[in-house]
Amino acid sequence: MLEPLKLAWVVARKDLLLEFRTRTAILSAVVFTALVLTVFNFGRDPTAVPTIELAPSILWVTFTFAAMLALNRAFALELENQALEGLLVSPLSRTSLYWGKLIANLVFVAVVEAVGLPLFVLFFDVPVWHVLLPLVGVIALATIGFVAVGTLFSAMVIRTRFAELMLPVLLLPFLIPPLMGAVQVTARLLGGRPVAEVLGWLRLLAAYDIVFVTLSTLLFPPTVDE
Amino acid sequence: MLSAEGLSHAFGSVRALDGISFQLEAGHTLAVFGPNGAGKTTLLKVLAGLLRPQQGRAAVRGGPRAIGWIGHQSFLYGHLTVSENLRFWASIYRVDAATQQRRAADLIARLGLGEWAQRPVAALSRGLMQRATIARALMHEPTVLLLDEPFTGLDLAAAAELRRLLGELVGKGRVVVIATHNVDEGVELATEIAFQHRGRFVQFSPRAGRSGPQVADAYRKAVAGA
């Protein structure tokens with residue numbers, strides 16, 4: 001039971017080390033996050049729509065597109081010197097490979113979100129401190145779901161032409177449920193509503209995570225073997 | 001230890017493998033000679049499990065863990081050092097940390113990579129990259145070695161060291177398959193010799209003490225008559 005997880009960590013650690021060495025994708029994602037928040041900040045009329053009503057959508061649109069950059073690079077790393085072929089011919093199980101990629105992507109997206117959240121607070125002057133813990137909780141719940149699906153699709157498109165274009169096209173329809181849930185919960189939390197009011201959405205996010213982490217784990221082997 | 005039964009595979013109208021069958025027992029080395037496009041790489045890919053044959057089957061005792069593969073691609077990550085690459089691939093093959101360290105030190109010394117061990121693979125020349133690839137393939141002490149043009153890019157000293165290494169491995173009961181278009185390479189290591197042409201083994205026989213020029217002569221006649 002522990003062996004596949006250990007091997008998943010070996011893959012994740014290697015991906016994170018590669019990212020630490022190059023810093024290409026993480027810097028791109030962080031700069032992208034800052035730029036999108038800046039554009040939204042200056043591209044709206046605060047007198048027409050109250051900030052608090054727009055802020056949750058802006059936050060999640062930003063996180064979603066920044067995460068795409070991470071997901072695009074997940075398997076692109078393995079194309080260098082055809083390392084993916086080496087992994088597929090090795091005794092490493094497909095499940096360990098998927099989980100390794102998933103862990104690395106989660107860490108990567110978490111870093112981008114950790115930078116993006118303070119910028120969001122700074123730009124939009126949204127009071128998050130009193131709801132910081134539940135807000136971090138909902139960010140984690142939504143992120144696990146969409147990164148799980150994104151990691152699977154990233155493997156699916158990596159050998160196609162225009163992989164970077166294909167990923168958002170395939171992935172975005174699947175992100176609608178967690179995005180809806182995340183925006184609804186974030187809006188109510190920032191609006192000072194009690195957590196009890198969003199339990200239904202939180203259940204939806206948790207169910208999405210369970211279903212799609214399981215499905216993606218099961219679908220990953222035929223995806224990479226084809 | 002290694003067997004192939006009726007292997008056939010085509011890419012469109014080009015038959016890369018056409019009913020290839022053979023068996024190799026422990027301590028044997030098969031040298032497969034053939035011109036460019038004869039299907040040598042396809043044969044090795046099928047034996048390694050990188051490609052599923054359209055007909056026939058290949059079996060390696062011990063499964064993927066038993067195979068060491070050196071192909072046209074190194075499977076090495078450019079932004080990791082030689083040492084880090086060796087440790088990563090050994091971990092994937094479940095070699096424990098102490099053994100990894102010992103084998104990495106030994107292979108780095110034997111293949112003359114000492115000066116380069118802590119440098120990123122992307123900084124290596126073609127020949128040094130090939131040496132690192134050989135070290136990568138040997139880190140888990142495979143029992144079956146599949147080598148596709150393994151001498152490419154190696155200088156005389158490194159090629160001699162590779163011959164010595166392979167000789168030692170065969171002496172320990174390992175099976176080696178070398179595919180090359182150059183008859184001068186690999187003859188002295190071979191116990192069996194195959195001439196591959198248009199996907200078929202036009203000759204498969206024991207080397208029976210034949211020298212390089214004798215094998216080269218037989219090769220020219222076999223390919224011309226095929």
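**Exercises on a predicted two-chain model**

In this predicted model, 18 residues of chain B are in contact with 18 residues of chain A.

**Exercise 1.** Describe the side of chain B that touches chain A: which element gives the largest share, and how do the residues divide by class?

*Solution.* Start with the element. Helix H2 (residues 82-92) of chain B supplies the largest share, three residues. Now sort by class. The side of chain B that touches chain A has 11 nonpolar residues, six polar ones and one charged one.

**Exercise 2.** State how confident the predictor is in chain B and in the complex.

*Solution.* Take the chain average. Chain B has a mean pLDDT of 90, and 100% of its residues reach 70 or more. Then go element by element. Confidence in chain B is lowest in helix H6 (residues 212-225) of chain B, at a mean of 82. The highest value in chain B, 96, belongs to H2(B). For the complex, the ipTM is 0.88 and the pTM is 0.89.

**Exercise 3.** Classify the packing of helix H5 (residues 94-124) of chain A against helix H6 (residues 132-157) of chain A.

*Solution.* Two packed helices are described by the angle and the distance between their axes. Here the axes of H5(A) and H6(A) come within 9 Å and cross at roughly 135°. Antiparallel would need an angle over 145 degrees. H5(A) and H6(A) are therefore oblique to each other. Their crossing is right-handed. Next, list the contact. H5(A) contributes residues including Tyr98(A), Leu102(A), Leu106(A) and Glu113(A). Among those from H6(A) are Ile139(A), Ile144(A) and Val147(A). By class, the contact of H5(A) with H6(A) has nine nonpolar, three polar and two charged residues.

Terms used
Residues numbered from 1 in each chain as written. Chains lettered and ligands numbered in written order. Predicted model: local features only at pLDDT ≥ 70, side-chain atom pairs only at ≥ 80, totals over all residues. Contact = placed C-beta atoms within 7 Å. Helix = DSSP H or I, 4+ residues; strand = E, 2+ residues; numbered from the N terminus. Nonpolar A, V, L, I, M, F, W, Y, C, P; charged D, E, K, R; others polar. pLDDT = per-residue confidence, 0-100. Axes fitted to C-alpha atoms, helices over the stretch in contact; angles between N-to-C directions. Parallel < 35°, antiparallel > 145°, perpendicular 65-115°, else oblique. Left-handed = near helix turned anticlockwise from the far one by under 90°.
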